[in-house]
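I opened my notebook to write down what I could look up in one protein model. Here is the structure I was working from.

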Amino acid sequence: MGHLSIVKSFLEDAFLKDAFFRDTYFSIGDLLFPQTCIGCGELLTVRGAFACDLCRLEIEVINAPYCSICGNPLLTIGDGRPVCDGCVAKRPAFDAARSAFAYGGVALDAIKKFKYGGRAHLAGPLTALAFSESVCFGRNGATGDINPADYDFLVPVPLYKKRLYDRGFNQALLISREMKKRWGDDSMSINYTGLIRTRWTVPQTSLSIEERRVNVKGAFAVVGKAFYKKKVLLVDDVFTTGATVSECASVLKAAGAKKVGVFTLTRSVLK
Ligand SMILES: [Zn+2]
Ligand SMILES: [Zn+2]
């Protein structure tokens, strides 16, 4: 290892855990290495953007009809509150899950860069896009399914401490902060200490549906009594089978939570 890279890794170790220094570090990086579109590689002129106008249009926004419980898009509208076959067969532990975008294409590239590429600042433009495009936050003056007045706490899905240390940030906490920024200081508070991950779990991406459920079983715990009789909105970046948020929801409900909603930026759409 050369002297420069020793200095670089020392600085990163020392400072990247701190949000202010990390943002500054990446801002300087943006100046030195201009941002390009995650989709097509075109040079971007808008500060903080992640995709050009054309590629952003390719991001698939989730619209009604969708299952009123798990939020998976449905092909037809039935009578009353639509519920998908999966939720009829086995009701999830959460009350309602909503996502802004389908997980694929440019949205998938953006989430990967955000989570694994160290681009923490992408939480801002991704959440902003969700608020402006997703029906779950309400559009054209209409109230959405996710209303801050309906909840007491925003709770980011926690990472295990080793993964948090390796990544330097919890993407779910950054999304929660961006949500709170948009809803204002008077909205529900963020609680990121009450729900913890108690053990290391292998990444869900490599596992089958049943393996995912087993993988996260017993991996979360509630500390203290903050959620007793409270309404909680769980936040994460991706909803795939819902195993992680379901496990979190059942732990929260066992700790007395009255209602557990879920918001994720993206979700896998099951056909
Ligand atoms: Zn592009
Ligand atoms: Zn469903």
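My entries below go from the whole chain down to single residues.

**Entry 1: the whole chain**

I reminded myself that this is a predicted model. I looked up the secondary structure, and the chain has 10 helices and 7 strands. Then I checked burial: of the 271 residues in the chain, 35% are buried. I also looked at contacts with a separation of 6 or more, and 70% of them join residues 24 or more positions apart.

**Entry 2: the core**

How many residues does the largest nonpolar core have? I found 61 residues in it. Ala-110, Val-232, Leu-234, Val-235 and Leu-252 are the ones with the most contacts inside that core. I then asked where its largest share comes from, and that is strand S6, residues 231-239, which gives 6 residues.

Leaving out residues up to four places away in sequence, Val-235 touches Leu-154, Val-155, Pro-156, Val-157, Ala-172, Ile-175, Ser-176, Met-179 and Phe-263.

**Entry 3: H6 against H8**

Two packed helices are described by the angle between their axes and the distance between the axes. I looked up both for helix H6 (residues 123-133) and helix H8 (residues 171-183): their axes come within 9 Å and cross at roughly 55°. H6 and H8 are therefore oblique to each other. Their crossing is right-handed.

Which residues make the contact? From H6 I noted Ala-123, Gly-124, Thr-127 and Phe-131. From H8 I noted Gln-171, Leu-174, Ile-175, Glu-178, Met-179 and Arg-182. Sorted by class, this contact has 5 nonpolar, 3 polar and 2 charged residues.

**Entry 4: Phe-169**

I went to the loop between helix H7 (161-167) and H8, where Phe-169 lies.

Next I checked its partners. Ignoring neighbours within four places in sequence, Phe-169 is in contact with Ala-120 and Leu-174. Ala-120 is 49 residues apart from Phe-169 along the chain, yet their C-alpha atoms are separated by 7.5 Å. Leu-174 was already on my list for the contact of H6 with H8.

**Entry 5: H9 against H10**

I did the helix check again for helix H9 (residues 209-216) and helix H10 (residues 243-254). They pack at an angle of about 35°, and their axes are 9 Å apart. This crossing is right-handed. H9 brings Arg-212, Arg-213 and Val-216 to the contact, and H10 brings Ala-243, Thr-244 and Glu-247. By class I wrote down 2 nonpolar, 1 polar and 3 charged residues.

**Entry 6: two backbone details**

Which peptide bond is cis? I found the one from Ala-64 to Pro-65, with omega near 0°. Pro-65 sits in the loop between helix H3 (53-57) and helix H4 (85-89).

My last stop was Lys-229, in the loop between strand S5 (220-222) and S6. Its phi is near 60°, a positive value in a residue other than glycine. Lys-229 counts as exposed because it has 10 C-beta neighbours inside 10 Å, and the cut-off for exposed is 12 or fewer.

Key:
Residues are numbered from 1 along each chain as its sequence is written. Chains are lettered from A and ligands numbered from 1 in the order in which they are written. This is a predicted model: local features need pLDDT of at least 70, side-chain atom pairs count only at pLDDT 80 or more; totals for chains, interfaces and linings use all residues. Axes are lines fitted to C-alpha atoms, for helices over the stretch in contact, and angles run from 0 to 180 degrees between N-to-C directions. Helices (H or I, at least four residues) and strands (E, at least two) are DSSP runs, numbered from the N terminus. Angles under 35 degrees count as roughly parallel, over 145 as roughly antiparallel, 65 to 115 as roughly perpendicular and the rest as oblique. A crossing is left-handed if the near helix is turned anticlockwise from the far one by less than a right angle, and right-handed if clockwise. Two residues are in contact if their C-beta atoms, placed from the backbone, lie within 7 Å. Ala, Val, Leu, Ile, Met, Phe, Trp, Tyr, Cys and Pro count as nonpolar, Asp, Glu, Lys and Arg as charged, and the others, Gly among them, as polar. A nonpolar core is a set of buried Ala, Val, Leu, Ile, Met, Phe, Trp, Tyr and Cys residues joined through C-beta atoms within 7 Å. A residue is buried if 20 or more other C-beta atoms lie within 10 Å of its own, exposed if 12 or fewer, and partly exposed in between; C-beta atoms are placed from the backbone.
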